[in-house]
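Work through these exercises with the model open beside you.

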Amino acid sequence: KYGTQFVPDGRRYRLWDVDPATTDEMRAEWDVPPLQTQLERADTMSRDLPQPPMGEAPYWLRKAIQRWADEAGESPTD
């Protein structure tokens, strides 16, 4: 909901799905950085950290990767 979980998708690190109705003011109430700051952190992680092997990713992550790829019109990584 708030944008606190970062996950690899085989190409980059990304925020787990965020509730679009959640505002930065709501995030601040829980000491969560603004959404833009979290997106920038994901970009930094993508640049600085290697991707783990996705072949052994848990089912829930593989399913999300497929959904994100479908939404973006891309092929998921292996």
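**Exercise 1. A loop residue and its backbone**

Is D31 buried or exposed? Place D31 in the fold, then check its phi angle.

*Solution.* The model is predicted.
- Step 1: locate the residue. D31 sits in the loop between α1 and α2.
- Step 2: read its accessibility. The relative accessible area of D31 is 73%. The cut-off for exposed is over 50%, so D31 is exposed.
- Step 3: look at the backbone. The phi of D31 is positive, about 60 degrees, although D31 is not a glycine.
- Step 4: Most residues other than glycine have a negative phi.

**Exercise 2. The overall fold**

List the elements of the protein in order from the N terminus. Then describe the protein as a whole, including its box, its burial and its charges.

*Solution.* 
- Step 1: count the elements. There are three helices and two strands.
- Step 2: order them. From the N terminus they run β-β-α-α-α.
- Step 3: take the dimensions. Along the principal axes, the C-alpha atoms fill a box of roughly 40 × 25 × 20 Å.
- Step 4: check burial. Of the 78 residues, 27% are buried.
- Step 5: check the surface. The protein exposes about 5500 Å², and carbon and sulfur atoms supply 52% of that area.
- Step 6: check sequence separation. Take the contacts between residues at least 6 apart in sequence; 60% of these join residues at least 24 apart.
- Step 7: The protein has 10 positive and 15 negative charges, and their mean positions are 4 Å apart.

**Exercise 3. The tryptophans**

How many aromatic pairs does the structure hold? Classify each pair and say which parts of the chain it ties together.

*Solution.* 
- Step 1: count. The structure holds two aromatic pairs.
- Step 2: classify W16 and W60. Their ring centres are 5.6 Å apart and their planes stand at 70 degrees. The edge-to-face class needs planes over 60 degrees apart, so the W16 and W60 pair is edge-to-face.
- Step 3: W16 lies in the loop between β2 (13-15) and α1 (24-29), while W60 lies in helix α3 (residues 59-72). The pair therefore ties together parts that are 44 residues apart in sequence.
- Step 4: classify W16 and W68. This pair is also edge-to-face, with 5.3 Å centre to centre and 75 degrees between the planes.
- Step 5: join the pairs. W16, W60 and W68 make one aromatic cluster.
- Step 6: compare cover. W16 is partly exposed, at 28% relative accessibility. W68 is buried, at 5%.
- Step 7: The charged end of R14 sits over the ring of W68, 4.0 Å from the ring centre.

**Exercise 4. Sequence and space**

How far apart in space are F6 and M26, C-alpha to C-alpha? Repeat for P20 and G3.

*Solution.* 
- Step 1: take F6 and M26. They are 20 residues apart in sequence and 19 Å apart in space, C-alpha to C-alpha.
- Step 2: take P20 and G3. They are 17 residues apart in sequence and 9.9 Å apart in space, C-alpha to C-alpha.
- Step 3: describe P20. P20 lies in the loop between β2 and α1. P20 counts as exposed, at 79% relative accessibility.

Technical notes. Residues numbered from 1 in each chain as written. Predicted model: local features only at pLDDT ≥ 70, side-chain atom pairs only at ≥ 80, totals over all residues. Heavy atoms only, no water. Helix = DSSP H or I, 4+ residues; strand = E, 2+ residues; numbered from the N terminus. Buried < 20%, exposed > 50% of the residue type's maximum accessible area, 1.4 Å probe, protein only. Contact = heavy atoms within 4.5 Å. Areas by Shrake-Rupley, 256 points an atom, 1.4 Å probe, with all protein chains shown as cover. Lys, Arg positive; Asp, Glu negative; His and termini not counted. Charge placed at Lys NZ, Arg CZ, Asp CG, Glu CD. Phe/Tyr/Trp six-rings, centres within 6.5 Å; stacked < 30°, edge-to-face > 60°. Lys NZ or Arg CZ within 6 Å of the ring centre and 35° of its normal.
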